[in-house]
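Trainee: Could you take me closely through the aromatic pairs of this structure, and show me how they sit within the chain as a whole?

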Amino acid sequence: MTENETVTSLCHMHDSRFGYALANGTVGVYDRTTRYWRIKSKNHAMSIHAFDLNADGVVELITGWSNGKIDARSDRTGEVIFKDNFSSSVAGVVEGDYRLDGQKQLICTSIEGEVRGYLPASKELKGNLMDSSAEQDLIRELSHHRQNLLLELRNYEENAKGVSETNSGVGVIPANTQLQTALSVRPATDAQKAHVELSISTPNETIIRAVLIFAEGIFEGESHVVHPSAQNLSGCVRVPIVPPKDIPVDLHIKTFVGGKTSTQFHVFEITRQLPRFSMYDIVVDPSAAPPTGRVTFSINDRPQRVVMWLNQNFLLPEGIDTPDVTFNSLRGGGLLSIGMASNGQITLRTDDIDLAGDLVQSLASFLAIEDLSAEADFPSYFEELHTTLTEVDEFHSVHQKLTAAMADHSNYIRNMLVQAEDSRLLGDMTTMKKRYRELYDLNRDLINEYKIRSNNHNALLACLKSVNQAIQRAGRLRVGKPKNQVIAACRDAIKSNNVNALFRIMRAGAASS
């Protein structure tokens, strides 16, 4: 499962269900890999916690927001069952026996130090914590919705009246009008960078006045509006889309359709999924260097199943009936080659180890493969990893030397301070001043050494993070038990400082160790 933003919080709810919060203000609930619900706010979720606030035996997702709001949502539907407001941003949400009476309370704090406790609902209020003011809000919302529906009905009546009296057709479109969409890959040109083109059209003389597209992680603000000028109105609108990552995205499209002289328009709504690997063009650049990295594994499925996976995850032209294809990456350049032998052996060739891992995981999920071992080789990436491991050893060596030097300086400072105090007690002010000047210079050297040590430590952490990411990437080239075995064996090789074993495991899997 993949989200389009950084995960900022996770909390266990019950059984296999858990809540999550993202950096863009989204909170929701998953059960294993199935998302039950999610909502998005313009505010940020500062803290999430699981607590049974309405005493129905099932915990709710409690969220504290940056605008001071606290809300409790059903784990099943996301419906708000309770809400409250602080005067400032929420700092944290926890639970505990604050009153020491044996009963747990929900405890919320704000950044200004305000603390509030909430008891679970009593028997009379079980399952219903929304107060009358919230019910009034719901009534107002329904009333507003009713007014919108009445206005829409009035517009339909006026359109029908206009047709019967003047037969002008203002605001009325043919009954067979349908919205047609198509996705195609467009390589880079001098005027425009590489993109996926979404084509929206109608089959008759109607025109498209405006298009609204809602999609996560693609457009700024997660929405995009196309509003052609009055001189360029037509029955077809083309929208360039540049997905930043290889993830499937649902495009929720709303289109305003009417006649050329219409003042009122019909709204067509349609959802179209953008395939996961849409930024790969099957038209290959002959001058591109062939990839040196590869992953090889075997499956027990027919080639037609692999072709089905290709059609579901790539934007392919019609007539592709073989799993042997080569793509050109429009995002970073380079080639991606996929081939399948008659014995079921699949070879993925690419220099991008992350892409190879995504392809393996996607194919295994589509074919419902639980365990999959593979052999892999990415010469350029493994060379970078070897350099990183060498830097780790160098940083460790520098760290030990700096630590020893700081220990020597600390002992020297101790002796210098004793000598300075002895001189002061003996009234030898000249020697005392000399020792304190030396102490000042030594302290300045210690500060500089600390800065060097801090920079060395940060660089060491960055290298260790890269090594851990490399282990995770090697694991993603496998599925199930082979994946876990490779990750565990790689970590054991790191602990024993066996670099050769590490690369052997990454290439051939844990069985070779």
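This is a predicted model: local features need pLDDT of at least 70, side-chain atom pairs count only at pLDDT 80 or more; totals for chains, interfaces and linings use all residues.

Mentor: The chain is built with 7 helices and 24 strands. Its radius of gyration is 32 Å, whereas a compact globule of 513 residues would have one near 24 Å. Along the principal axes, the C-alpha atoms fill a box of roughly 115 × 70 × 50 Å. If we take the contacts between residues at least 6 apart in sequence, 57% of them join residues at least 24 apart.

A pair of aromatic rings is described by the distance of the centres and the angle of the planes. The structure holds 10 aromatic pairs, and one of them is formed by Phe18 and Tyr30, which are stacked with 5.7 Å from centre to centre and 15° between the planes. Because Phe18 belongs to strand S2 (residues 17-22) and Tyr30 to strand S3 (residues 26-31), this pair ties together parts that are 12 residues apart in sequence. Tyr30 has a relative accessible area of 5%, and since anything under 20% counts as buried, Tyr30 is buried.

Another stacked pair is made by Phe277 and Phe314, whose centres are 5.2 Å apart and whose planes are 25° apart. Here the pair links distant parts of the chain, 37 residues apart: Phe277 is in the loop between strand S18 (266-274) and strand S19 (280-281), while Phe314 is in the loop between helix H2 (303-313) and strand S21 (325-329).

Leu106, in strand S10 (residues 105-110), is buried, with a relative accessible area of 1%. Leaving aside residues up to four places away in sequence, Leu106 touches His49, Phe51, Leu53, Ile62, Val93, Val94, Arg116, Gly117 and Tyr118. From Leu106 to Phe265 there are 159 residues in sequence and 50 Å in space, taken from C-alpha to C-alpha.

A loop residue can be buried too, and Ser74 shows this: Ser74 is placed in the loop between strand S7 (69-73) and strand S8 (80-85), and its relative accessibility of 10% makes it count as buried. With residues up to four places away in sequence set aside, Ser74 touches Trp37, Glu60 and Glu79.

Finally, consider helix H7 (residues 499-508), where the buried residues are Ala501, Leu502, Phe503, Ile505 and Met506. Their cover includes strand S24 (375-377), helix H4 (379-426), helix H5 (429-476) and helix H6 (481-495). Just after H7 comes Gly509, which takes a positive phi of about 100°.

How values were computed: Residues are numbered from 1 along each chain as its sequence is written. Side-chain values use heavy atoms; hydrogens and water are left out. Helices (H or I, at least four residues) and strands (E, at least two) are DSSP runs, numbered from the N terminus. The radius of gyration is taken over C-alpha atoms; the globule rule is 2.2 Å times the number of residues to the power 0.38. Contact means heavy atoms within 4.5 Å. Buried means under 20% relative accessible area, exposed over 50%, partly exposed in between (1.4 Å probe, protein chains only). Rings of Phe, Tyr and Trp (its six-membered ring) pair if their centres lie within 6.5 Å; planes under 30 degrees apart count as stacked, over 60 as edge-to-face and the rest as tilted.
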